Amino acid sequence: MASVEFIDVRKSFGAHPVLKGIDITIADGEFVILVGPSGCGKSTLLRTLAGLENISAGEIRINGRPVNTLPPKERDIAMVFQNYALYPHLTVAENMGFSLMLKKTPKAEIATQVRPAAEILGLTHLLDRYPRQLSGGQRQRVAMGRAIVRDPQVFLFDEPLSNLDAKLRVAMRSEIKELHQRLGTTIIYVTHDQIEAMTMADRIVVMQDGRVEQIGTPLDLYDRPVNQFVAGFIGSPA
Ligand code: ADP
Ligand code: MG
């Protein structure tokens, strides 16, 4: 578990500024959702926290510790994407235990660590299957399982449900909420689905063009949007 701080974080790609001074403080165990139009910098912000992009200025802290120069491996963060690339030639169990295999953890111990994650996600009966034998929702659960097995301090989700059909998306929302309640891990979650944001988040961060427009609870944003942009974004249909 961990607190996360972005302090005046700036990022440019060449001459193109993408993050223009982001300040966000996230409490230990909080579920924070980032929303905002396509291209406003949500994925880039997650990637800077994961250490996959260097920042141009500012500071990022995890548990109060600056991590600007820390390589991704040492940040203890797991990321789940919308295109959950599972290894096709590995079973569900092997996919979930992949990070442990890389660390040369003995097989028996990998099995011991994979089991509880599989139980949480209802994957126990699928551990010997291959990705091609799974439904979209099951594959997304394996991707989440792979992140859980790493036992990270922070989970980053980047539009994890956008490839699923509407019914499954609703079911997965509750599963992810439950997961958060069980594990208590800090979660930063990007979505363009405003119902997802309103129903899942402790707090929502509304971004536009590399800046934070407003941070607040779903109720705050709904009742007291600071400007027309936030009002429009929160009020508009998904
Ligand atoms: P979002 O996730 O909110 O849709 P992104 O963070 O993916 O937005 O992108 C923000 C902006 O940064 C976009 O204009 C995008 O084209 C640009 N961008 C993202 N990654 C790169 C990159 N590696 N090189 C150059 N430009 C990038
Ligand atoms: Mg994105």
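A: Helices (H or I, at least four residues) and strands (E, at least two) are DSSP runs, numbered from the N terminus. This is a predicted model, in which local features need pLDDT of at least 70, side-chain atom pairs count only at pLDDT 80 or more, and totals for chains, interfaces and linings use all residues. Residues are numbered from 1 along each chain as its sequence is written, while chains are lettered from A and ligands numbered from 1 in the order in which they are written.

Q: Which helix gives the most to the shell around ligand 1?

A: Helix 1, residues 42-50, gives the most, with three residues.

Q: And which residues are around ligand 1?

A: They are Phe-13, Val-18, Gly-36, Ser-38, Gly-39, Cys-40, Gly-41, Lys-42, Ser-43 and Thr-44. A residue is near a molecule if its C-beta atom, placed from the backbone, lies within 6 Å of it.

Q: What does the shell look like by class?

A: The shell around ligand 1 has three nonpolar, six polar and one charged residues. Here Ala, Val, Leu, Ile, Met, Phe, Trp, Tyr, Cys and Pro count as nonpolar, Asp, Glu, Lys and Arg as charged, and the others, Gly among them, as polar.

Q: New topic: where is Leu-123?

A: Leu-123 is in the loop between helix 4 (107-120) and helix 5 (136-149).

Q: Is Leu-123 buried or exposed?

A: Leu-123 counts as buried because it has 22 C-beta neighbours inside 10 Å. The rule is that a residue is buried if 20 or more other C-beta atoms lie within 10 Å of its own, exposed if 12 or fewer, and partly exposed in between, with C-beta atoms placed from the backbone.

Q: What is Leu-123 in contact with?

A: Leaving aside neighbours within four places in sequence, Leu-123 is in contact with Val-92, Ala-118, Arg-141, Val-142 and Gly-145. Two residues are in contact if their C-beta atoms, placed from the backbone, lie within 7 Å.

Q: How many helices and strands are in the chain?

A: The chain has nine helices and 10 strands. Buried residues make up 37% of its 238 residues.

Q: Finally, what pLDDT does the chain average?

A: The average is 92, and 98% of the residues score at least 70; pLDDT is the predictor's confidence in each residue, from 0 to 100.
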